[in-house]
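Me: I would like to learn how to read the sheets and the helix packing of a model such as this one. Could we go through the features in turn, with the general idea ahead of each case?

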Amino acid sequence: MAQQDAADTGLFTPLEFAPRHRGRAWGQAVLLVLGGLCLAWALDSQMRASALPWRLMAAASVLVPCLWMARGLWRQAASHAPVLRLDARGVSGAALQPPVPWDALEDATLDRSGMLRLQRRPDAEHPDRPQGWWRHNPARPRLSLHLLSPRQQDIAHDAIHARLDLLRQQAGVGVAASRRAMRDEDAFENHLDTLVPTPWALYAVVAANVLVWAMNWAAGLSPTRPASPELFAWGANAASAVVLDGQWWRLLTAAFLHGGIVHLSFNMLGLWEAGKQLCRLLGNGQFTLVYGASALAGGAASLHYAAQNSVSVGASGAVFGVLGALLTASWHYRHLVPATNLRRLWTGLGFFIGYSLLHGFTQENVDNAAHVGGLACGMLLGLVLLAPIDRQAAAGRRRKRAVAMGLLALAAVGYTVLATPVPRVWHAQVYAAQELLPDVARRFDQGFRQMALDAQRLQRGEIRQPVFLQNAERAIGPVCSAITEELAPLRVPRWEQTGRLVQMYLQICAVTTRSLALEQAMLRRDPGLPADAAAQLAQLSGQMQLAMRELADAVRRVPVPMPRKPARAPQAQP
């Protein structure tokens with residue numbers, strides 16, 4: 001084994017690269033085995049109703065590939081052969097035999113995952129097309145360098161090209177295509193670094209999101225699962241609050257609120273790499289425009305779907321806007337961006353956006369409307385905004401176009417808000433009712449419990465009817481008056497659970513008050529007493545018994561929330 005710190009240009013000097021990360025490979029193999037076992041167990045648990053052979057086949061379909069990959073990692077880590085060897089015969093390694101001769105090698109690329117991809121001249125024995133079940137291409141062999149450190153990988157790649165460049169120079173065919181692409185990439189990246197040295201706008205946005213989450217935690221909200229009423233109080237998005245209460249500012253504040261640390265982490269991880277690229281491509285100012293406009297557009301789109309019934313929080317609308325802007329901006333300036341950068345960028349963005357949207361459509365608690373709204377806004381801005389790398393666009397022209405697109409985005413958001421359908425749930429009223437219901441339930445139970453005790457005393461003959469009615473009015477009258485005064489002004493939809501409870505309390509109080517008044521009139525023999533007073537009283541009694549049973553059943557199914565801990569309403573997370 002030869003320990004090297006720089007590329008070796010000697011064509012016939014042997015150069016070996018021994019594995020450095022054996023422990024990591026062993027750990028990955030163990031994790032693959034454990035992960036396969038866990039997945040097989042979870043799949044078997046989901047298929048308990050199926051026959052045993054089908055359960056075994058399903059578990060094996062998950063476990064066998066994991067064991068096969070773990071076996072490969074274990075064998076590579078246990079082998080003492082060099083991962084890569086460069087000598088007079090060509091390029092070889094523990095997993096690359098026989099060697100690829102130098103005179104047959106045309107190019108070599110190293111991707112970020114540590115995979116070395118060789119390209120040899122095709123011939124009869126090595127045609128340039130996939131073959132077999134595994135679609136292996138004989139003219140494009142691959143060799144994993146994951147057992148080497150990143151520095152070893154770079155040295156190995158440079159050493160291959162140092163020898164390859166020498167042979168190509170002697171043959172008069174110039175530098176390899178990947179080498180030219182690498183130089184173009186380095187020149188492009190250096191140019192972007194010169195135009196935008198620091199993506200401070202991205203740092204500010206990430207810091208703001210983390211700071212708001214920390215403030216939520218410090219204020220007593222759960223760091224992992226904050227309740228919807230608490231998020232609503234902090235500015236979560238809801239169609240009723242924006243459209244009916246005129247709180248348009250929620251479109252922006254909701255983009256800095258998150259449903260816990262996991263929700264925040266996923267959004268910030270998705271934003272980080274794409275945000276850095278967009279900052280460097282369009283500049284910090286235009287990045288801020290894309291982020292803010294996409295956040296507003298995502299919130300406005302949510303008003304038509306998830307925010308109709310639920311409160312919506314999260315920066316995903318803005319994150320999707322950044323992804324969309326990067327996608328279209330790179331296409332707009334595809335003549336200035338190196339082709340390898342474009343392929344890598346479009347492949348990664350396309351897969352991430354497609355998978356995220358598909359996942360959002362299959363999950364009930366994901367606000368996919370905000371994703372789509374932010375993505376559409378970002379794609380439009382990325383297509384129209386002018387990048388600093390565009391030498392034909394002066395700074396003043398870029399600013400004018402950015403201002404125009406910002407005004408257009410605000411107009412579109414305003415129109416979308418004004419076109420919002422009538423909200424299905426009035427969240428402010430629902431949460432106000434949820435705050436009142438615990439105390440209402442306590443007073444209601446005390447008053448009716450006392451009336452029930454007096455009714456038992458009346459049946460035993462301990463008190464007479466006039467005394468019972470007097471005690472009932474004294475116990476129930478003030479309670480029902482206060483409950484009606486508190487709950488009647490609340491406009492809570494009856495199809496919502498809280499609304500049903502409110503209507504039941506109001507109905508029972510109204511029926512009870514009317515029944516007591518009718519009994520008093522019958523006892524006093526009032527001249528205006530209806531002829532069917534007894535029938536009306538029996539009907540009211542039946543309504544009372546039915547309403548009390550419905551109330552008891554509703555409270556059992558959805559307990560009345562305790563003070564300062566409101567019941568959790570549905571919460572959508574973009």
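Reply: Let us begin with pairing: two strands count as paired if DSSP finds at least two bridges between them. In this model, which is predicted, four strands form an open sheet in the order 1-2-3-4, and their pairing is antiparallel.

Me: How many bridges join strand 1 to strand 2, and which residue is the partner of Glu16?

Reply: Strand 1 and strand 2 (residues 84-87) run antiparallel and are joined by three bridges, with Arg85 of strand 2 as the bridge partner of Glu16. On this sheet packs helix 3 (residues 150-171), which touches strand 1, strand 2 and strand 3 (90-93) and whose direction makes about 25° with that of strand 2.

Me: How should I follow the chain from strand 2 onwards, and what links the strands there?

Reply: Strand 2 and strand 3 form a hairpin with two residues between them, and the two strands pair in the antiparallel sense over three bridges, where Gly90 in strand 3 is the bridge partner of Asp87. A hairpin also joins strand 3 to strand 4, through two residues; here the antiparallel pairing rests on two bridges, and Val91 has Val100 of strand 4 as its bridge partner.

Me: What is the strand order of the three-stranded sheet, and how is helix 3 placed on its strands?

Reply: The three-stranded sheet is open, has the order 5-6-7 and pairs its strands antiparallel. Its edge strands are strand 5 (105-110) and strand 7 (142-144), each of which pairs on one side only, and neighbouring strands are turned by 20° against each other on average when direction is ignored. Strand 5 and strand 6 (residues 115-120) run antiparallel and are joined by five bridges, with Thr109 opposite Arg117 in strand 6. Helix 3 lies across strand 5 and strand 6, running at about 160° to strand 5.

Me: How should I read the packing of two helices?

Reply: Two packed helices are described by the angle between their axes and by the distance between those axes. For helix 10 (residues 284-302) and helix 15 (residues 395-418), the axes come within 9 Å and cross at roughly 10°. Angles under 35 degrees count as roughly parallel, and helix 10 and helix 15 are therefore roughly parallel to each other.

Me: Which residues make the contact of helix 10 with helix 15, and how do they divide by class?

Reply: From helix 10, Gln286, Leu289, Ala293, Leu296, Ala297, Ala300 and Ala301 take part, and they meet Arg398, Ala402, Gly406, Ala409, Leu410, Val413, Thr416 and Val417 of helix 15. The residues of this contact divide into 11 nonpolar, three polar and one charged.

Me: At what angle do helix 10 and helix 14 cross, and is the crossing left-handed or right-handed?

Reply: The axes of helix 10 and helix 14 (residues 368-384) come within 7 Å and cross at roughly 145°, and the crossing is right-handed. Residues of helix 10 in this contact include Leu289, Val290, Ala293 and Ser294, while those of helix 14 include Gly373, Gly374, Cys377 and Leu381. By class, the contact has nine nonpolar, six polar and no charged residues.

Key
Residues numbered from 1 in each chain as written. Predicted model: local features only at pLDDT ≥ 70, side-chain atom pairs only at ≥ 80, totals over all residues. Heavy atoms only, no water. Axes fitted to C-alpha atoms, helices over the stretch in contact; angles between N-to-C directions. Parallel < 35°, antiparallel > 145°, perpendicular 65-115°, else oblique. Contact = heavy atoms within 4.5 Å. Nonpolar A, V, L, I, M, F, W, Y, C, P; charged D, E, K, R; others polar. Left-handed = near helix turned anticlockwise from the far one by under 90°.
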